[in-house]
Amino acid sequence: MIHETGDVEGAERYRSDLLEADASQFPRTTLKKQHPKTTRRNVGEDYRGCLVIGVLPSAELYRRIEGWWYGIVGAAAPVTDSGNRT
């Protein structure tokens, strides 16, 4: 996503180079409407917009994240009533 006043082509080129991926692999850049009352501070040549990453719903991904969570929780030391770790 990038503001409509931003350099769309430059931002797409920057992201492709940064991620070492062809720009055709990404969906079309979404233009954010400019609100005249808003004072934007993120302007200038180094403004690249906002990279949005979407993940499709996936049972496998859910199970992997759930496994990470159980690993984190299982490795944590229990806390006693006094607030100290055992």
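Predicted model: local features only at pLDDT ≥ 70, side-chain atom pairs only at ≥ 80, totals over all residues.
1. Residues are counted from 1 along each chain as its sequence is written, and side-chain values rest on heavy atoms, with hydrogens and water left out.

2. **The overall plan.** You will find two helices and two strands here, arranged along the sequence as β-α-β-α. Helices (H or I, at least four residues) and strands (E, at least two) are DSSP runs, numbered from the N terminus. Contact means heavy atoms within 4.5 Å. Among the contacts with a separation of 6 or more, 62% are between residues 24 or more positions apart.

3. **Surface and burial.** The protein has 86 residues, and 13% of them count as buried. Buried stands for under 20% relative accessible area, exposed for over 50%, and partly exposed for what lies in between (1.4 Å probe, protein chains only). The accessible surface comes to about 7700 Å², with 55% belonging to carbon and sulfur atoms. These areas come from the Shrake-Rupley method with a 1.4 Å probe, and for residues only the protein chains shown count as cover.

4. **Helix H1.** This helix covers residues 8-19, which makes 12 residues, and its end C-alpha atoms are 16 Å apart, close to the 16 Å expected at 1.5 Å a residue. The expected span is 1.5 Å times one less than the number of residues. Gly10, Ala11, Arg15 and Ser16 are the buried residues of H1, and strand E1 (2-3) is included in what covers them.

5. Serine 16 sits in H1 and is buried, with a relative accessible area of 10%. Leaving aside neighbours within four places in sequence, serine 16 is in contact with Ala21, Asp22, Ala23 and Phe26. Leucine 19 also belongs to H1, but it is partly exposed at 41%. Leucine 19 touches Phe26 and Leu51, again not counting residues up to four places away.

6. Glutamate 20 is worth a look: it has a positive phi of about 50° although it is not a glycine. Glutamate 20 belongs to the loop between H1 and E2 and is exposed, with a relative accessible area of 76%.

7. **Histidine 3.** This residue lies in strand E1 and is buried, with a relative accessible area of 11%. Beyond four places in sequence, histidine 3 touches Leu31, Lys32, Lys33, Gln34, Arg40, Asn42 and Tyr47. The side chains of histidine 3 and tyrosine 47 are joined by a polar contact of 2.7 Å. A polar contact is a pair of N or O atoms within 3.5 Å; within protein, one must be able to donate a hydrogen and the other to accept it, and residues adjacent in sequence count only if both atoms are side-chain atoms.

8. **The loop between E2 and H2.** Arginine 40 is found in the loop between strand E2 (31-32) and H2 and counts as buried at 18% relative accessibility. Its contacts beyond four places in sequence are His3, Thr5, Gln34 and Tyr47. Arginine 40 and histidine 3 are 37 residues apart in sequence and 10.0 Å apart in space, C-alpha to C-alpha. Cysteine 50 is in the loop between E2 and H2 and is partly exposed, at 36%. Cysteine 50 touches Met1 and Arg15, not counting residues up to four places away.

9. **Helix H2.** At its start, a side-chain oxygen of serine 58 reaches to within 3.3 Å of the backbone nitrogen of glutamate 60. Valine 73 lies in H2 (residues 59-75) and is partly exposed, at 41% relative accessibility.

10. **A nonpolar patch.** Ile65, Trp68, Trp69, Tyr70, Ile72 and Val73 make a nonpolar surface patch of about 700 Å². Patches are made of residues with over 30% relative accessible area and no salt bridge, where like charges are joined within 9 Å and nonpolar side chains (Val, Leu, Ile, Met, Phe, Trp, Tyr) within 5 Å. A salt bridge is a side-chain nitrogen of Lys or Arg within 4 Å of a carboxyl oxygen of Asp or Glu.
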